[in-house]
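The sequence and structure come before the notes.

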Amino acid sequence: METLWFALASAMVAIYVVMDGFDFGAGVLYRRVARNDRERRQVLAAIGPFWDGNEVWLIAGGGVLFMAFPKVLASALSGFYLAIMPVLWVLILRGISIEFRSHVDDAMWRAFWDATLAMASTLASLLLGVALGNLIRGVPLLEDGWFSLSLFESFSPRGALGLLDWYTVLAGLLALAALAHHGALFLAWKTDGPVRTRSLKAAGVLFPAVVVLWLAATAATASVAPELFPALAARPVAWLATALFLVGLAGTFAARRAGRDFLAFVASGAFLLGILGATAAAVYPTMIRSISEPSRSLTAFNASAGRESLAAGLSWWPAGFALAIVYAVVVFRLHRGKVRAADGEGY
């Protein structure tokens with residue numbers, strides 16, 4: 001039962017990254033691929049029907065952790081407090097910048113919200129990677145399951161740990177490049193004209209950055225958490241996930257070069273799903289790794305709710321998951337096709 005809920009929680013987080021990742025990436029590239037008000041309305045119209053629905057997966061993932069692993073959620077919320085507050089701020093700023101940007105026809109007002117959207121999307125992408133980096137590297141858990149970390153102490157590999165250090169920043173940069181690449185492929189699929197052309201160019205520039213950062217992050221992970229790689233090699237699920245992200249990575253390159261925009265976007269999603277799935281399989285059953293004393297780590301077995309609660313949760317989870325999937329399918333179907341730039345229209 002605990003293993004099943006570990007898999008469900010990992011799947012919810014991975015789906016959130018894939019779904020919200022493309023509108024994060026579109027926000028990161030917003031001012032580079034759209035040079036005037038008409039083109040920026042086109043980008044906003046492309047992500048407008050999806051971005052708030054995508055954040056349902058964040059709420060759903062939090063709900064799964066709250067129900068199935070309350071100790072993990074409590075420990076993470078207290079220990080990562082300094083990181084969670086900026087995340088909440090950038091998510092709020094990102095949402096209101098999309099909603100408010102076009103309500104007043106004033107160049108200065110729109111320039112302010114344009115910059116806010118790009119800044120908030122960049123920080124949100126970076127912080128997602130930083131959070132994952134902290135979980136992989138581990139934190140100094142105390143005997144009672146709590147921990148605290150300063151925002152940063154040192155960026156030397158031998159220096160004191162912080163929420164931001166050399167490894168977590170590297171993980172953040174990988175997330176930023178991967179989500180920007182994902183967003184560029186989404187915009188190439190959903191737009192036409194100069195925005196599509198610039199989006200394809202951006203994806204071409206970002207692809208080698210994703211590969212280099214992935215290789216660097218893999219080497220760095222071998223340094224900070226070497227036990228993950230033997231675990232990865234011993235688990236068939238991890239092999240399947242690794243195959244998925246390698247095929248996805250190659251697929252984005254081949255499909256983009258062939259002009260298959262939708263296929264390139266789907267392959268990018270497979271890459272993100274696969275790399276997160278392989279990570280989850282490698283760290284299983286650990287959810288928050290203790291670097292001070294391994295026996296203090298919070299796992300799917302010592303941090304889960306009671307088996308009665310886990311069993312009761314399984315009675316409602318399928319219906320909720322199915323509703324979220326149906327909603328996503330309906331929204332994508334209703335808004336299928338290219339979003340064309342049109343004066344006087346937009347999100």
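The notes below are grouped by topic.

The model is predicted. Its second largest pocket holds about 440 Å³ of space, and the structure contains 14 salt bridges.

**Second largest pocket**

- The lining of the second largest pocket consists of 17 residues. Those nearest its centre are Val18, Met19, Phe265, Val266 and Phe332.
- Two or more lining residues come from each of α1 (2–28), α9 (166–190), α13 (261–283) and α14 (307–334).
- α13 gives the largest share of this lining, 6 residues.
- In the lining, 15 residues are nonpolar and 2 are polar, with no charged residues.

- α9 runs for 25 residues and spans 36 Å from first to last C-alpha, close to the expected 36 Å.
- Of the 25 residues of α9, 22 are buried, so the helix is largely enclosed by the rest of the structure.
- The N-terminal end of α9 is capped by Asp165, which has a side-chain oxygen 3.1 Å from the backbone nitrogen of Tyr167.
- α13 runs for 23 residues and spans 34 Å from first to last C-alpha, close to the expected 33 Å.
- In α13, 18 of the 23 residues are buried, so this helix is also largely enclosed by the rest of the structure.

- Asp37 and Arg110 form a salt bridge, with N to O at 3.1 Å. Asp37 lies in α3 (residues 37–47) and Arg110 in α8 (residues 107–137), so the pair ties together parts that are 73 residues apart in sequence.
- Asp37 is partly exposed at 31% relative accessible area, whereas Arg110 is buried at 9%.
- Arg40 and Asp114 form a salt bridge, with N to O at 3.1 Å. This pair links α3, which holds Arg40, to α8, which holds Asp114, across 74 residues.
- Asp114 is buried, with a relative accessible area of 3%, and Arg40 is buried at 16%.
- A network of salt bridges links Asp37, Arg40, Arg41, Arg101, Asp105, Arg110 and Asp114.

**Salt bridge between Glu55 and Arg94**

- The closest N and O atoms of Glu55 and Arg94 are 3.4 Å apart in a salt bridge. Glu55 sits in the loop between α4 (51–54) and α5 (56–68), and Arg94 in α7 (residues 81–100), 39 residues apart.
- Glu55 counts as buried at 16% relative accessibility, and Arg94 is buried at 0%.

Key:
Residues are numbered from 1 along each chain as its sequence is written. This is a predicted model: local features need pLDDT of at least 70, side-chain atom pairs count only at pLDDT 80 or more; totals for chains, interfaces and linings use all residues. Side-chain values use heavy atoms; hydrogens and water are left out. On a 1 Å grid over the protein atoms alone, a cavity is a set of points where a 1.4 Å probe fits but cannot get out, and a pocket is an open set with protein on both sides within 12 Å along at least five of seven lines; lining residues have an atom within 4 Å of a point. Grid points are joined across faces, edges and corners, and a volume is the space filled by probe spheres set on the points. Helices (H or I, at least four residues) and strands (E, at least two) are DSSP runs, numbered from the N terminus. Ala, Val, Leu, Ile, Met, Phe, Trp, Tyr, Cys and Pro count as nonpolar, Asp, Glu, Lys and Arg as charged, and the others, Gly among them, as polar. The expected span of a helix is 1.5 Å times one less than its number of residues. Buried means under 20% relative accessible area, exposed over 50%, partly exposed in between (1.4 Å probe, protein chains only). A polar contact is a pair of N or O atoms within 3.5 Å; within protein, one must be able to donate a hydrogen and the other to accept it, and residues adjacent in sequence count only if both atoms are side-chain atoms. A salt bridge is a side-chain nitrogen of Lys or Arg within 4 Å of a carboxyl oxygen of Asp or Glu.
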